[in-house]
Amino acid sequence: MSVIVLTLILFIGSYFAGLLGSLTGLGGGFVIIPLLTLVLHVDIHYAIGASLVSVIATSSGSAAAYVKEGITNIRLGMFLEIATTAGAMVGALIAVYIPTNFIAILFGIILITSAIMSLRKKAEQINQEKNLLAEKLKLNSSFPTANGPVNYSVKNVGGGFFMMLFAGVISGLLGIGSGALKVLAMDTIMRIPFKVSTTTSNFMIGVTAAASAVVYLQRGYIDPGLSMPVAIGVLLGALSGSKILVHTNSSGWLRWVFAVVVTFLASQMIYNGFMGKI
Amino acid sequence: MNKTFRDTDMQAVIGWILRLGVLLSMSIIFIGGIIYLYRHGQVTADYHTFKGVPDFVHNTRGILNGIITFRGRAIIQAGIILLIATPIIRVIFSAIGFILEKDYLYIGITILVLLIIMASMLSGHAG
């Protein structure tokens, strides 16, 4: 395959990955890595590098808007980034010593878990319970709504922090944003309102991915020829996705389509992992 | 708390940095991409086995040399490094924001995050 054909396929694939990713709340890495490894037979090391680059592009691009609107909890993000960056560094370091087929199997499992997570009903919850550690760390905040700002409190800071360590390791190991795990930690464990947890997760993903990207950059995983169409495609896709999202309210069926596609890709990754073909 | 610099100011600055970083790096990657495709578009792509990246995009000197001699991949790589640096620059500006707010706890937390990223950089070199 010539460079120009590969670039075109990657660009189009990445565009749809970014589009679907922003509509469903899952990152583009979920489509990029299977596309590169299963369809284009690219070595998984290069795939991880290209995926990380796409993750940083979409996270930074979309976080900019949410931060300006004041939905993102910057202090909470900053505090939890201690856990995610430390985890990402560990993940990137051990990735070198782990056989690639194990990475493929783990990727498949995380993929299916995230797809199921994205189908959950999300009810807006407001927790007002006081928590000593959350108050000390100034994590309690408010977010803007149509009826004025709503105050919320943060629960179980320790549990959330520990889960973030795990999300960081997975991100560093697999080259994904592991946004689903971050939202799980903030939503379910720390009882943070849905709007705040998703935007704060998005805000943290860029820094988490950058912490492992500096390792991968030095190891030669990040190839300019692959990263170029992936980064541009995913960012353009995510931008169109956010435009569509404003005009439509029914992304329910889209989540199902995405969950089915992702589950199919995941089972392929797991199968190839067990067969030792990756 | 200092009234002259508030959280809302920090939000505006951080939003602005993220947007500028993405816009700049994407433009550089795009320009590099055009040059790369123009010169190497017909070459057969080979990513089947992992060999790492070519030397001229692997170290700072090679990349700088490549930019001067208009090598597409070196320009792309410079853009990608800027893209990776964008969230890290964001963290540095958060630290400055917390210093202006005199929020000592969060100055410490932000510096800790920066130290972890630096440790990550150094550990990559060692391997």
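Leaving aside neighbours within four places in sequence, A:Ser178 is in contact (heavy atoms within 4.5 Å) with A:Ala167, A:Ile170 and A:Ser171. The model is a predicted one, in which local features need pLDDT of at least 70 and side-chain atom pairs count only at pLDDT 80 or more, whereas totals for chains, interfaces and linings use all residues. Residues are numbered from 1 along each chain as its sequence is written, chains are lettered from A and ligands numbered from 1 in the order in which they are written, and side-chain values use heavy atoms, with hydrogens and water left out.

A:Ser178 is placed in the loop between H7 and H8 of chain A, where helices (H or I, at least four residues) are DSSP runs numbered from the N terminus. Because its relative accessibility is 2%, A:Ser178 counts as buried, the classes being buried under 20% relative accessible area, exposed over 50% and partly exposed in between, with a 1.4 Å probe and protein chains only. Between A:Ser178 and A:Ile109 there are 69 residues in sequence and 12 Å in space, C-alpha to C-alpha.

Helix H8 (residues 179–189) of chain A is mostly covered, with eight of its 11 residues buried. These buried residues are A:Gly179, A:Ala180, A:Leu181, A:Lys182, A:Val183, A:Ala185, A:Met186 and A:Asp187, and they pack against helix H4 (74–95), H5, helix H7 (157–174) and H9 of chain A. Just after H8(A), A:Arg191 takes a positive phi of about 55°.

Most residues other than glycine have a negative phi. A positive value, near 55°, is found at A:His41, in the loop between helix H2 (29–39) and H3 of chain A; with a relative accessibility of 48%, A:His41 counts as partly exposed. In chain B, B:Phe70 has a positive phi of about 55° although it is not a glycine, and B:Phe70 is found in the loop between helix H2 (60–68) and H3 of that chain. At 53% relative accessibility, B:Phe70 counts as exposed.

The axes of H3(A) and helix H5 (residues 100–119) of chain A come within 10 Å and cross at roughly 45°, where axes are lines fitted to C-alpha atoms, for helices over the stretch in contact, and angles run from 0 to 180 degrees between N-to-C directions. H3(A) is therefore oblique to H5(A), since angles under 35 degrees count as roughly parallel, over 145 as roughly antiparallel, 65 to 115 as roughly perpendicular and the rest as oblique. The contact is made by A:Ile44, A:His45 and A:Ile48 of H3(A) together with A:Thr100, A:Ile103 and A:Ala104 of H5(A). In chain B, helix H1 (residues 7–40) and H3(B) pack at an angle of about 175°, with their axes 7 Å apart, which makes H1(B) roughly antiparallel to H3(B).

Methods: Helices (H or I, at least four residues) and strands (E, at least two) are DSSP runs, numbered from the N terminus.
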